[in-house]
Amino acid sequence: MGTIKTEIKTSGKGLMKNKNCEVVIKPSSSGHIRIFSKGAETPFNVCIENLYSTDHCVTLCSKEHRTLLGDYKYKVMLCEHFIAACAICRIDSLDVYLSETEMPIFDGSSKVWVDLFNQAGIEGANKDLYTVSEPVYYLNGKTSLVVLPDKELRITYAVNYDHPDLRERWVTMDNDNLKEIIEARTFGFYKDLKKFQMLGFAKGVTIDNTVGLKDVGYTTELRSKDEPIKHKILDLFGDFYLTGVSPLNMRAQILVKEAGHAVHTKVAQILKSKLVKI
C-alpha cells in the first residue's frame with residue numbers, strides 16, 4: 001500500500017463555488033483513499049462505483065450518504081486533480097478530511113498536490129503492473145477512446161477545439177513531458193466564463209488557476225506547448241485511477257480523441273473488469 005509518512009494540512013479556494021476548504025490528509029493502512037466530506041461521520045472510498053457526476057468537474061459520493069429526499073448531501077466536487085496526483089505518486093491509502101464539499105483548485109493542476117505528497121514523504125508506493133485482458137473501445141460520433149494491451153504505457157490525446165492552436169492537435173505522453181502534464185492547468189473558453197458564473201459555476205476562476213482560450217491566444221502565458229491538451233491527459237490520469245489502478249502502472253496503449261470526464265469515466269467502468277496483473 002502506498003501512503004504518506006506524515007500528516008498534511010493545507011487549504012485553498014474551490015474553482016466552482018470559491019469557498020475556502022481546509023484539508024487534512026492522514027496516513028492510512030486501509031488500502032483505500034477515503035474521503036470524509038464536510039459534516040459526514042463516515043467516509044466513502046475514491047472509486048468508480050462512487051462517481052456521482054461529471055458535470056463541470058468530477059464529483060464523488062457514496063450511495064450510503066443518500067438522504068431521504070434522494071440528494072447526496074455529502075458529495076465532494078473537483079476531485080480529479082487530487083486523484084491524478086495520487087495516481088502519479090502511486091498512493092492508494094489515505095484518509096482525507098474536508099471542511100467543505102469542494103476540493104481546492106490551487107493552481108489548476110496537480111502540481112501542488114504532488115509537491116505536498118513528496119514533502120510529506122511517500123512509503124510503499126504501489127508499483128504492481130497491469131495490462132488489459134482484451135481491447136476496450138468507446139466510439140461515439142467524433143469521440144473515441146481505445147485501450148489496447150501493450151508492453152509499455154503509451155497515451156496519445158487528440159483534440160479539435162475552435163481555437164487556432166488547438167485544431168486537430170495531439171500530444172503523446174512520454175518520460176520527458178510527465179512533469180509538464182503534472183503542471184498543466186485547467187482551461188476553458190474565456191467568452192463562456194460570465195455565462196457559467198451567472199449559472200453559479202466557475203466562481204473561483206482566476207488568471208492563476210485557469211488558462212482562458214481567447215479567439216487568438218490565451219489569457220495567460222502557457223507553462224508549456226499544448227498545455228491544455230496535456231491537462232486532458234492529467235484529467236485522464238485521475239479518471240482512470242477510479243479503477244483502483246494508476247495509469248502509470250498500466251502496460252497499455254491509450255488513444256483518445258475529443259473526450260472528457262464523462263467518456264473517461266464510462267471507459268473506466270468497463271476497464272476495471274478488464275485489468276489483469278502482470
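Biologist: How do strand S15 (residues 186–189) and S16 pair, parallel or antiparallel?

Modeller: They pair in the parallel sense, over four bridges. Strands here are DSSP runs of E with at least two residues, helices are runs of H or I with at least four, and both are numbered from the N terminus. Two strands count as paired if DSSP finds at least two bridges between them.

Biologist: Which residue stands opposite Gly212 in S16?

Modeller: That's Gly188. Before we go on, this is a predicted model: local features need pLDDT of at least 70 and side-chain atom pairs count only at pLDDT 80 or more, while totals for chains, interfaces and linings use all residues. Residues are numbered from 1 along each chain as its sequence is written, and side-chain values use heavy atoms, with hydrogens and water left out.

Biologist: Which way do the residues of strand S16 (residues 210–213) point?

Modeller: Thr210 and Gly212 go one way, Val211 and Leu213 the other, and all are buried. Buried means under 20% relative accessible area, exposed means over 50%, and partly exposed is in between, using a 1.4 Å probe and protein chains only.

Biologist: What holds strands together in general?

Modeller: Strands of a sheet pair through backbone hydrogen bonds, and they can be parallel or antiparallel.

Biologist: OK, new topic. What's the strand order in the open sheet that has S11 in it?

Modeller: The order is S11-S12-S17-S13-S14, five strands with mixed pairing. Strand S11 (136–140) and strand S14 (169–172) are the edges, each pairing on one side only. On average, neighbouring strands of this sheet are turned by 10° against each other, ignoring direction. For angles, axes are lines fitted to C-alpha atoms, for helices over the stretch in contact, and values run from 0 to 180 degrees between N-to-C directions.

Biologist: And how many bridges link strand S12 (residues 143–149) with strand S17 (residues 252–257)?

Modeller: Six, in the antiparallel sense. In S17, Ala252 is the bridge partner of Pro149.

Biologist: Which strands does H5 lie across?

Modeller: H5 lies across S12, strand S13 (154–159), S14 and S17, and runs at about 125° to S13. All 14 of its 14 residues are buried, so H5 is largely enclosed by the rest of the structure.

Biologist: What span should helix H5 (residues 227–240) have?

Modeller: Its 14 residues at 1.5 Å a residue should span 20 Å, and the end C-alpha atoms are 20 Å apart, which agrees. The expected span is 1.5 Å times one less than the number of residues.

Biologist: What about Val267, buried or exposed?

Modeller: Val267 is buried, with a relative accessible area of 0%. Val267 lies in helix H6 (residues 261–271). Leaving out residues up to four places away in sequence, Val267 touches Val136, Tyr138, Leu145, Val147 and Phe240. Contact means heavy atoms within 4.5 Å. Val267 and Val147 are 120 residues apart along the chain, with their C-alpha atoms separated by 9.0 Å.

Biologist: Now the other open sheet, the one with S2. What's the order there?

Modeller: It goes S2-S3-S8-S4-S5, again five strands with mixed pairing. Strand S2 (8–13) and strand S5 (44–45) are at the edges, each pairing on one side only. Strand S4 (residues 33–36) and S8 run parallel, joined by four bridges. In S8, Leu94 is the bridge partner of Ile33.

Biologist: Which strands does H1 touch on that sheet?

Modeller: H1 touches strand S3 (20–27), S4 and S8, and its direction makes about 160° with that of S8. H2 lies across S2, S3 and S8, at about 165° to S2.

Biologist: Which residues touch the most other members of the largest nonpolar core?

Modeller: Phe82 and Phe117, out of 72 residues in that core. A nonpolar core is a set of buried Ala, Val, Leu, Ile, Met, Phe, Trp, Tyr and Cys residues joined through side-chain atoms within 4.5 Å. Helix H1 (residues 80–89) gives the largest share, eight residues.

Biologist: Last one: where is Ala202?

Modeller: Ala202 is in the loop between helix H4 (193–198) and S16. Ala202 has a positive phi of about 60° although it is not a glycine.
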